[in-house]
Amino acid sequence: MMEKEILELLRLERMREPLSPSRRVREFQMRLQRIKNGEETEVAGFLLARKPPHAPRDAAYYLLSPLSPSELEGLGEDEFRTYLIVRATENTRVSGEVRPGSYVLVRGIIDAYPLGNLRMIHASSIEGKDYSDYWKDYREFALSKREVVELFERTIYVRDDMRKALIYSLYGVPYILWGSEASQWGEGFEYTVYKHRENMGLLALWKALKYLQSSLPWELRLGKETSLEIIDPMLDIDFRTRNPNRSDMKYYTPPSKRGLVRIPKWTEKYLMNKRAIGLLPQDVEADPTDALAKISETPFVLMPWEEKPYFEENREFRQLIPNLLVTIFINRERFRSMSHDELGRLREEHLKWRRWGREEYSETFGKLTTPRGVFHLGMRFYLDARLFGAITRFYGKITDKAAKDVREIDDTILNEWNVVLDEIIRKRPEVIMKLEKEYERYIPRDVRAQKALQIFHDLASTSPSGEVTREEFLREMVRGGFNERDALDMIERFIATGYIYEPFPGKLRLVR
């Protein structure tokens, strides 16, 4: 018994200090108290655009809060609050997005407010800032990678690969500099999980994801509500603020069971264009032609024989959510975008995955990778690049480990969808027939021609422009077992029969 108590004390000793609203308020107030009247300074906070009590009429007066709208709303009646009065005139320069609820940086001279004990700043400028800056100001509260993983391991119980993917999804996706034909998506991510047969574990997963989403601040939850009504008991005023978070870093999971069967229409534009991070358990049978599955970075299938996911009410988890957000937004700043040149390690691993898939699932891999299928080759590499970007944000740097993590997730997902496909072949043969017909349109019957065209598919679908040089195609065919003369003849045969074409001398593209 004594040993357990000692271990618990050691765990508490190692616990990271939570970044609490009360700490922010105290630090804000102490900083204001240290500034003398007449000193020039700058102060960041949320502009409430609400007149303070008994405001003079010689200028525009607003309240500035050190807390975000949701944190301010969540304070208890007896909890300490503080504000700074912003005095703005026609000489105050305004830049960026400045509206009720915006996170802003105010520069000016500190003074005393004529009424009460509040401080005031004569604003020379008000600059709208990104909502993420609010979190990045507290870098010392960021969690290590180990701390993030352990926090989820103690709270949400799913199998390891699904938990890892869930953590990666929270970091969002850097902008991938790709070819003009690729969908120019935002930072969003689709973490989808489908059921296979009757699977009550999916509802358990939904409850776990709802617990996660409900732990996040209102500003980071995608919902219909665009403003908050806040009442301040200290000043006896009420005000309305809009959501200051204008980024794609908003998280959505269906609020009701109906959303598990059909995504609400109002969310489609966000999820389909990657303008939000979707945590999406789908209480529908896995279908390899499903539109959402084809654009999901991680289209998992939860098997009925697996242990049901669940979560534990965890006070530490909720307390450390602000620390987690600090971590996410700091790492997001490091990787705003990624170029195709930075994906070299991933491309090599992805092509290994394709070769393994063709050997392991020779009867089904081709069908799943047609344009109608869940693993459409061109789209799959783009989605893997996005997953790689999210994992890179988690690690804080580009590593071989990130590419291997993508490979492990792809292996799992391919295994799951092949189980699904075996059952669809028996129950819904019309779906398989459509995939087979499409596969036959793209792949010739001759075995050597099939192999050569697969090589071209792999090169073209991992190229940002979709183009392959003759030299590159020839080199890979020779590496794949063709002699040079046969390889050259095969290239001319593909052009003559309309599988590929040559838009510019030396450049080859697939006929779609």
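Axes here are lines fitted to C-alpha atoms, for helices over the stretch in contact, and angles run from 0 to 180 degrees between N-to-C directions. With that in hand, here are some close-ups of this predicted model.

**View 1. Helix α15 packs against helix α16.** Helix α16 covers residues 400-427, and its axis lies 9 Å from that of α15, at an angle of about 130 degrees. The crossing of α15 past α16 is right-handed. On the α15 side, the contact is made by Arg380, Asp384, Leu387, Phe388, Ile391, Thr392 and Tyr395. Their counterparts on α16 are Lys401, Ala402, Ala403, Asp405, Val406, Ile409 and Asp410.

**View 2. Helix α15 also meets helix α18.** Look now at α15 (residues 377-395) together with α18 (residues 447-461): their axes come within 9 Å and cross at roughly 40 degrees. These two helices are therefore oblique to each other, and α15 passes α18 in a right-handed crossing.

**View 3. Four strands form an open sheet with parallel pairing.** Reading across the sheet, the order is β12-β13-β9-β14. The edges are held by β12 (251-252) and β14 (298-302); each has a single partner strand, so one side of each is left without a neighbour in the sheet. Helix α6 (residues 160-170) packs on this sheet and touches β9 (189-195), β12, β13 and β14. The direction of α6 makes about 150 degrees with that of β9.

**View 4. Bridges link strand β13 to β12 and to β9.** β13 spans residues 277-285 and runs parallel to β12, with two bridges joining them. Tyr252 has Gly278 of β13 as its bridge partner. Between β9 and β13, which also run parallel, there are seven bridges. For a landmark in this pair, find Lys195, which stands opposite Glu285 in β13.

**View 5. Tyr191 sits in the largest nonpolar core.** This core has 115 residues, and Phe152, Tyr191 and Trp417 touch the most other members. Leaving aside neighbours within four places in sequence, Tyr191 is in contact with Met162, Ala165, Leu166, Ser169 and Leu209, and also with Gly278, Leu279, Leu280, Thr298 and Phe300. A second, separate core holds 19 residues, including Val468, Leu474, Met490 and Ile500.

**View 6. Helix α19 carries buried residues, Glu472 among them.** α19 covers residues 470-479, where Glu472, Phe473, Leu474 and Met477 are buried. Buried means under 20% relative accessible area, so Glu472, at 19% relative accessibility, counts as buried. Not counting residues up to four places away in sequence, Glu472 touches Arg347 and Leu459. After α19 comes Gly481, whose phi is positive, near 115 degrees.

Terms used:
Residues numbered from 1 in each chain as written. Predicted model: local features only at pLDDT ≥ 70, side-chain atom pairs only at ≥ 80, totals over all residues. Heavy atoms only, no water. Pairing = 2+ DSSP bridges. Contact = heavy atoms within 4.5 Å. Buried < 20%, exposed > 50% of the residue type's maximum accessible area, 1.4 Å probe, protein only. Core = buried A, V, L, I, M, F, W, Y, C linked by side-chain atoms within 4.5 Å. Parallel < 35°, antiparallel > 145°, perpendicular 65-115°, else oblique. Left-handed = near helix turned anticlockwise from the far one by under 90°.
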